[in-house]
Amino acid sequence: MDRQILLEHIAVPGIETFDVFRSKGGYNAVAKVLKELSSEDVVAEIKKSGLRGRGGAGFPTGLKWSFIDKKSSKPKYLVCNADESEPGTFKDRYLMEHLPHQLIEGMIVSSYALGVNTAYIYVRGEFKYIIGILNKALRETYSNGFLGNNILGTGYNLDIHVHPGAGAYICGEETALLESLEGKRGNPRIKPPFPASKGLYDSPTVVNNVETLAVVGPIINMGGEKYASIGLGKSSGTKLISACGNINKPGVFEIEMGLPVEEFIYSQKYCGGISNNKKMKAVIPGGSSVPILPANLILKTAKGIPRLLTYESLSEGGFETGTMLGSGGFIVYDEDTCIVRNTWNLTRFYHHESCGQCSPCREGTGWMEKVLHRIETGEGRSHDMDLLVSIASKIEGNTICPLGDAAAWPVASAIRHFRNEFEFHVAHPEIVKIKDHGSIEKYT
Amino acid sequence: MPGFKIDHIQYKKNNLKVEFSADTLEKVEKIIARYPAECRKSALLPVLHIAQEEFGGYLSVDVMDYVAVILGIQYIEVYEVATFYSQFYLEKTGKYVIEVCRTGPCAICGGEKISEYLQKKLKISDGETTSDGLFTLREVECLGACGYAPAMQINTEFYEHLTVDKIDTILDLLTKNTNTEKPEGSRWTDKFF
Ligand SMILES: Cc1cc2nc3c(=O)[nH]c(=O)nc-3n(C[C@H](O)[C@H](O)[C@H](O)COP(=O)(O)O)c2cc1C
Ligand code: FES
């Protein structure tokens with residue numbers, strides 16, 4: 001369970017430079033695919049590995065690549081999604097800051113597999129220092145002959161450019177990202193057509209997350225079968241989990257899929273337990289968009305089986321008692337947390353970030369924020385909980401992109417698991433009007 | 001890389017009121033060349049970032065019009081983008097724009113108190129600028145620094161694991177303009193394009 005694939009060399013001094021990265025076997029995968037493998041071979045290897053997209057949706061990467069319209073006469077594009085704005089998620093930033101060449105190596109291999117000659121890295125605008133790191137790393141890669149024309153004398157050409165966003169969570173959604181890359185507002189597109197046939201500039205395009213692309217090099221080196229043997233079942237390989245909230249050791253951890261959630265939270269190797277010796281109240285394990293679970297249900301499923309860090313185990317129980325692995329943004333809440341306040345805070349986020357294109361999301365997120373705010377500040381009404389559930393259910397599934405679902409699930413799950421806290425807020429305005437009232441458990 | 005040449009004649013005809021320096025123009029041309037020749041609108045976000053930096057920290061209508069001319073697009077295409085993204089400011093800002101994270105993970109790790117303290121110390125609320133024109137304060141959503149909470153950004157720099165004392169130190173350094181030594185936990189870069 002200690003297996004490190006992405007972060008194996010993270011502690012090596014100078015690993016962010018080309019020379020040190022190369023001395024640790026970096027870019028071997030590029031030499032191997034360009035000289036020994038066809039693009040089909042590379043796609044087949046990724047399919048064998050069972051790699052699933054690390055951006056949140058978990059879609060099989062090899063399969064996504066096989067959809068790209070090879071017959072199109074237009075140029076094909078690879079776009080790396082480095083928009084990382086989902087609350088709780090900060091793993092891509094960590095990867096790019098410390099191992100920029102791991103991403104570039106993966107992008108070269110992936111571009112070759114897809115028949116791409118121009119690729120972009122779309123980085124959220126706030127990460128200006130990351131843009132500096134990436135541009136420096138790219139210059140090194142060019143001057144060492146691994147980018148540009150006729151790479152390693154094989155006749156293959158590839159350019160990679162960094163593109164800054166400018167502050168908009170919605171641009172992490174892949175079609176909004178493409179709009180933004182074209183110099184427009186980040187309004188998601190209606191699918192189909194999917195980017196694989198009509199993406200950037202109406203050309204066949206693949207959008208992949210930073211972590212997904214970064215692991216492509218190691219997979220080529222070890223072979224798809226080997227990678228598939230790591231992890232558990234359909235959750236193959238390792239995953240970066242960014243852990244934050246009320247824990248002793250927040251940070252980015254590479255875990256082999258299948259690690260028990262309990263070990264992840266309490267082991268000194270990972271989160272190191274809850275800070276200030278408090279009790280754990282709840283966890284959002286996959287970025288703020290996935291359902292929140294109370295302590296008992298995150299540690300064990302409703303059937304009493306220990307929960308593991310895999311796509312399957314976390315979603316065991318569906319939306320009634322389960323959640324999702326999502327982006328791996330693991331937020332831990334201690335016993336002092338006010339669930340209502342937290343739900344209001346996250347809903348304000350979705351309201352702020354809704355692009356405004358679809359009425360259910362544009363109006364619904366604002367409405368939910370308003371209702372949650374009045375509950376939190378002691379102005380709640382007795383049927384507000386039912387109202388929230390009803391608004392959430394009317395947003396879900398009724399929008400062009402999944403931001404609507406992402407806004408609805410946290411509200412629906414918070415009420416499902418912590419309804420008593422909402423009811424207490426409505427019943428005891430005199431208590432919740434106290435600023436910083438914290439968890440209501442101490443008043444009950 | 002074949003550089004796209006900006007149409008200065010067209011620009012002169014429009015008689016606009018601002019202009020990039022020669023160095024910046026060269027940088028802008030390089031950026032435009034990253035995209036296919038018929039897609040130079042793609043350069044809009046990076047060019048707006050540069051314009052904002054060069055022309056006083058915000059995008060006036062003159063500046064947006066100038067960017068439209070450079071990229072050969074309609075003015076409205078620039079306005080609608082400039083108003084969509086939270087990092088583009090349409091009004092004059094302070095020399096330092098403090099963007100403090102207000103989202104869940106930071107909020108439960110003391111972020112709300114940090115934001116309150118900043119307001120109290122600078123005697124301004126969210127969105128306002130101090131009377132000496134030095135600081136603008138803005139509450140923003142998750143900065144992707146949740147594990148290093150509470151977090152804030154000042155211009156291009158990240159400041160993390162914030163405490164009240166640390167805020168005092170940072171603001172002190174900036175006020176005295178001795179912003180060469182960086183407090184622990186800050187991340188920045190001088191050059192990003
Ligand atoms: C509102 C919203 C925000 C998203 N933000 C991100 C993001 O910041 N980074 C990311 O990689 N994927 C994000 N996604 C998922 C992308 O749409 C897409 O599924 C992903 O980039 C595909 O890459 P993958 O298959 O490698 O995971 C977001 C999706 C939605 C609906
Ligand atoms: S919540 Fe503050 S940086 Fe993510």
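The domain assignment divides chain A into domain 1 (18-227), domain 2 (231-334) and domain 3 (339-443). The model is a predicted one.

**Domain 1 and domain 3 of chain A: distance and contact**

- The C-alpha centres of domain 1 and domain 3 of chain A are 36 Å apart.
- In chain A, 12 residues of domain 1 are in contact with nine residues of domain 3.
- Between them, domain 1 and domain 3 of chain A bury about 870 Å². Carbon and sulfur atoms account for 71% of that area.
- Three residues, A:Y169, A:I170 and A:P188, supply 51% of the area that domain 1 of chain A buries against domain 3 of chain A. This is more than any other three residues supply.

- Two residue pairs are in polar contact between domain 1 of chain A and domain 3 of chain A.
- On the side of domain 1 of chain A that touches domain 3 of chain A, six residues are nonpolar, three are polar and three are charged.

**Aromatic pairs**

- Over all chains, the count comes to 27 aromatic pairs.
- One of them is formed by A:F127 and B:F158, with 6.0 Å from centre to centre. Their planes are 55 degrees apart, and the pair is tilted.
- A:F127 lies in the loop between β2 (118-123) and α7 (128-143) of chain A, while B:F158 lies in strand β4 (residues 157-159) of chain B, so this pair joins two chains.

Technical notes:
Residues numbered from 1 in each chain as written. Chains lettered and ligands numbered in written order. Predicted model: local features only at pLDDT ≥ 70, side-chain atom pairs only at ≥ 80, totals over all residues. Heavy atoms only, no water. Domains from an automatic or database assignment. Contact = heavy atoms within 4.5 Å. Buried area = accessible area lost by both parts, 1.4 Å probe. Polar contact = N/O pair within 3.5 Å; in protein donor to acceptor, adjacent residues only side chain to side chain. Nonpolar A, V, L, I, M, F, W, Y, C, P; charged D, E, K, R; others polar. Phe/Tyr/Trp six-rings, centres within 6.5 Å; stacked < 30°, edge-to-face > 60°. Helix = DSSP H or I, 4+ residues; strand = E, 2+ residues; numbered from the N terminus.
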